[in-house]
Amino acid sequence: MDKLKIYSIPFVGLKKGVHTFDFLIEDDFFELMEQDLLQQGKVKVVIDLNKKDTLMELDFKISGHVKLSCDRCLEEFDHELEGEDRLIVKFGMETVEESEEILVLASNETEINVAQFIYEFISLRVPMRHVHPDDDEGNSTCDPEFLAKIEELSKHEDEEHEPDPRWEALKNLKDLN
């Protein structure tokens, strides 16, 4: 049995109008997606499916958190997620993704599996650089011992390396211009 089947929404037989579907995304979902970016988290996804005569609009509301490893101190932290996305589903001869927001489903389809869309919409809310958020005063919430060690090592590195005389000459020439 396909483990992602629970993320399928059967739309045949639904009346026109808005229908709501709730999904709780947890660690087992991320394991099923077989991706390295996200592996843990707890995210609530509410999908409002608006069925019309010729198309469907799926509005995704996402809230929760995913666990990330801090690029600065290497400690794990919860990154809060919040947002909304829309997917337009049209019907045609074959299933094809027309654009990022428009999916064409084959007219013989009876359900839509939203697992990949959920994963993509969550992933889009993860920043490229993973760093602990600052506290209310704007101070880093990274491991203070680790930050102190980095500071200490960078001072020692600066002391050990004398400036390259060629670089100094270039800086002097630049200052003359």
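Some ground rules. Residues are numbered from 1 along each chain as its sequence is written, and side-chain values use heavy atoms, with hydrogens and water left out. Because the model is predicted, local features need pLDDT of at least 70 and side-chain atom pairs count only at pLDDT 80 or more, while totals for chains, interfaces and linings use all residues.

Let's start with the whole chain. There are 4 helices and 8 strands. Helices (H or I, at least four residues) and strands (E, at least two) are DSSP runs, numbered from the N terminus. Along the sequence, the pattern reads β-β-α-β-β-β-β-β-β-α-α-α. The chain has 177 residues, and 33% of them count as buried. Buried means under 20% relative accessible area, exposed means over 50%, and partly exposed is in between, with a 1.4 Å probe and protein chains only. Now contacts, meaning heavy atoms within 4.5 Å. Of the contacts in the chain with a separation of 6 or more, 55% join residues 24 or more positions apart.

Next, the sheet. Which order do the strands take? It is E2-E3-E4-E5-E7-E6. These 6 strands form an open sheet, and the pairing is mixed. At the edges sit strand E2 (17-25) and strand E6 (96-97), each pairing on one side only. Two strands pair if DSSP finds at least two bridges between them.

Look at E3 in particular. Strand E3 covers residues 41-51. On one side, E2 and E3 pair in the antiparallel sense over 9 bridges. His 19 has Leu 49 of E3 as its bridge partner. For Asp 22, the partner in E3 is Val 46. With E4, E3 also pairs in the antiparallel sense, here over 11 bridges. There, Asp 48 is bridged to Asp 59 of E4. E3 is mostly covered, with 9 of its 11 residues buried.

E3 and E4 form a hairpin with 3 residues between them. Lys 52 is in that loop, between E3 (41-51) and E4 (55-69). Lys 52 is partly exposed, at 36% relative accessible area. In sequence, Lys 52 and Lys 16 are 36 residues apart; in space, their C-alpha atoms are 5.5 Å apart.

Now helix H2, residues 115-123. Which strands does H2 lie across? They are E2, E3, E4, strand E5 (76-92) and strand E7 (102-106). H2 runs at about 55 degrees to E4. For that angle, axes are lines fitted to C-alpha atoms, for helices over the stretch in contact, and angles run from 0 to 180 degrees between N-to-C directions. H2 is mostly covered: 7 of its 9 residues are buried. Among them are Phe 117, Ile 118, Phe 121 and Ile 122.

On to the cysteines. How many disulfides does the structure hold? The count is 0. A disulfide is a pair of cysteine sulfur atoms within 2.5 Å. Cys 70 is in no disulfide, and its nearest cysteine sulfur, that of Cys 142, is 3.6 Å away. Cys 70 is buried at 1% relative accessible area. Cys 142 counts as buried at 4%.

Last, the aromatics. The whole structure has 6 aromatic pairs. Rings of Phe, Tyr and Trp (its six-membered ring) pair if their centres lie within 6.5 Å; planes under 30 degrees apart count as stacked, over 60 as edge-to-face and the rest as tilted.

One of the pairs is Phe 11 with Phe 91, which is tilted: 5.6 Å centre to centre, 50 degrees between the planes. Phe 11 lies in the loop between strand E1 (8-10) and E2 and Phe 91 in E5, so the pair ties together parts 80 residues apart in sequence. Phe 11 is buried at 3%, whereas Phe 91 is partly exposed at 34%.

Then there is Phe 60 with Phe 121. Their ring centres are 4.8 Å apart and their planes at 70 degrees, so this pair is edge-to-face. Phe 60 is in E4 and Phe 121 in H2, 61 residues apart, which links distant parts of the chain. Both are buried.

Finally, Tyr 7, Phe 23, Phe 29, Phe 30 and Tyr 119 form one aromatic cluster.
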